[in-house]
Amino acid sequence: MEEPSQNQQSMALDERNRSPSMTDGEPSKCPQPSEAVGDHASLYSSPRCWEIPAELVTINKVVGRGAFGQVAKAKVRGLQGRPTTTLAAVKMLKENASESDRKDLLSELQLMKELDAHPHVVKLLGCVTKSGPLMVLIEYVPYGDLLGYMRKSRGLNDTYFQDPDIKPKTNLTSEQLMKFAWQVADGMSYLSSIPIIHRDLAARNVLVGEEEMCKVSDFGMARDGQQDKIYQMRSKGRIPLKWTAFEALLYGKYSSKSDVYDIMTNCWKDDPDLRPSFENLKDELKEMEDQHKVETLIEEPGSDLWYWTVFIEKNGGAGWSHPSSQSTVYAVCDIASKNEEPKNWLLTEYIYIKGATRLNIEVTYSLLNCPLASVGPFCRTNFTLYSYHTDYKLDYVPDPTNLKFQKETVIAPDTLPAPDRRTIDTFRGSIVTKAKIIYLALLDQGACLTISKFVVRYRFCSETAAALVKFPRTVAPPNNINSTNHEGECTDPHSLKRNNQKIFGVCLSNGEWNITSSSACLCNYGYELTNGSSDSFVCKG
């Protein structure tokens, strides 16, 4: 027998969704807004009622299938009182689905109702539970799931999402992949903070929306981890074996750190307490993503043992200890002073800033919370960053008590441990430069701390700004208020400027190029854009 066409399948699905509204119960009487809702009203604020009458949902086509469910592209009329039709994705059960599968989908629906709107978590739009077959309506994403999107970028077939509206044209760059990883970590960081334990985090359960925005989805296996942020599996449910953590497989215990196991293979630790949180991963991935936009001026300790100037004011304090071959840190612990507040200075060598207008400072330190006993009245749990700006290198060690060192910020951990216990923290901040050279200084006034890492960087916009477009390497401005245009060129000999117009771009403070919408380089007739080596794009015949 000949299989029904895609259109026939869609019509049959649509008919199944419509007919039960007349026989299986009354349509949901959802309270309507007292005032008309505009065309541009948000779909993502929590509605008074999630229930949608089935007759308002028109199924267009099935776009994805799993073992027990399927996803269809649909149009919804009057969603949340809007006068227009909204495109949505509809999660439904297959005909052979069991009552257990229905309960799982209802459980997923209930969980999604509790989520706040987040840019990297898929959004619930509504549901049909009373007037027709069970349907969960979520935002529609044109790129499909992340696994299929990555497969298609390499010319491979996708076995799940059949026909996304938008397909990748070339191999994905390492920068795109890093952005995807950060966005997934950001979405999971939100979920673990609630806390929700996903339990099935995989590329096929991440959707790719507009502007390649990744969104964590598919909460069919997710559980509320409020109880000690641990979930104990007591039934014999389905488990994704390939990416399930050891403690989940062996003992049925899940936590948000079991989800971390899913996306970072280099974080495979048998003990879940040794794995980083999603917040840590998000910060690390963001730093990795930013590496191509920053240049490091100072990173200590470096290949050689670092050695900065220790300046002690007259009757100021005990001073910092220098690093040694046994310990590559600066340390000070002047907490017992009873008569005078300590003042212990630590000064960098001069730093030539290479035209940078804003410096990013990173300081990793260990700090002791003041003990309850055997401590003076000046014990502190912070220290201060100072700067001195000049156009010329000084022939002497700058005296911070005579020269006008500028106070930049007080550095302190977000939370303190118990008294007489240490905490390790990293400060990240920035300084707007005022000259060609800068000296930096740290002032301790009664803390017990060590400095293990000190990094000074600045941002720049790299030469490659977009496919086939090249700009001069440009130092990023301190802000985007007084940005200037830079002219770019086409990088490939087989490319040309669109409409022969000049290409203009603005270097932004975050190290990204903002290119005028009408500016672009196109491949000549007979050539097509493709990914060459080292993530560079070329025109090939």
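This is a predicted model: local features need pLDDT of at least 70, side-chain atom pairs count only at pLDDT 80 or more; totals for chains, interfaces and linings use all residues.
Residues are numbered from 1 along each chain as its sequence is written, and side-chain values use heavy atoms, with hydrogens and water left out.

Helices (H or I, at least four residues) and strands (E, at least two) are DSSP runs numbered from the N terminus. Five strands form an open sheet with antiparallel pairing, in the order β1-β2-β3-β5-β4; two strands are taken to pair if DSSP finds at least two bridges between them. Axes are lines fitted to C-alpha atoms, for helices over the stretch in contact, and angles run from 0 to 180 degrees between N-to-C directions.

Strand β1 is joined to β2 (residues 69-77) by seven bridges, and the two run antiparallel; R65 has Q70 in β2 as its bridge partner. Five bridges join β3 to β5, again antiparallel, while four join β4 to β5. Residue L137 of β5 is the bridge partner of V90 and also of G126. Strands β4 and β5 form a hairpin with six residues between them. Five of the five residues of β5 are buried, so this strand is largely enclosed by the rest of the structure. Here, buried means under 20% relative accessible area, exposed over 50%, and partly exposed in between (1.4 Å probe, protein chains only).

Helix α2 lies across β3 (85-93), β4 and β5 (135-139), running at about 140° to β3. The 15 residues of α2 (residues 99-113) should span 21 Å at 1.5 Å a residue, and the end C-alpha atoms are 21 Å apart, in agreement; the expected span is 1.5 Å times one less than the number of residues. Its buried residues are D101, L105, E108, L109, L111 and M112. These cover an arc of only 165° around the axis, which puts them on the same side of α2, the arc being that of the directions from the helix axis to the C-beta atoms.

A nonpolar core is a set of buried Ala, Val, Leu, Ile, Met, Phe, Trp, Tyr and Cys residues joined through side-chain atoms within 4.5 Å. In the largest, which has 30 residues, I361, I451 and F454 touch the most other members. Elements giving two or more residues to this core include β14 (330-333), β17 (358-368) and β22 (448-461), and β22 gives the most, with six residues. A second, separate core of 18 residues includes V121, Y143, L146 and V206. Beyond its neighbours within four places in sequence, I451 is in contact (heavy atoms within 4.5 Å) with residues including W306, W320, Y330, F383 and L442.

Strand β13 (residues 309-312) has a covered face, T309 and F311, and an uncovered one, V310 and I312. Four bridges join β13 to the antiparallel strand β15 (residues 344-347), where L346 is the bridge partner of V310. The loop between β13 and β14 contains S327, which counts as partly exposed at 32% relative accessibility. S327 and L305 lie 22 residues apart in sequence and 9.8 Å apart in space, C-alpha to C-alpha.
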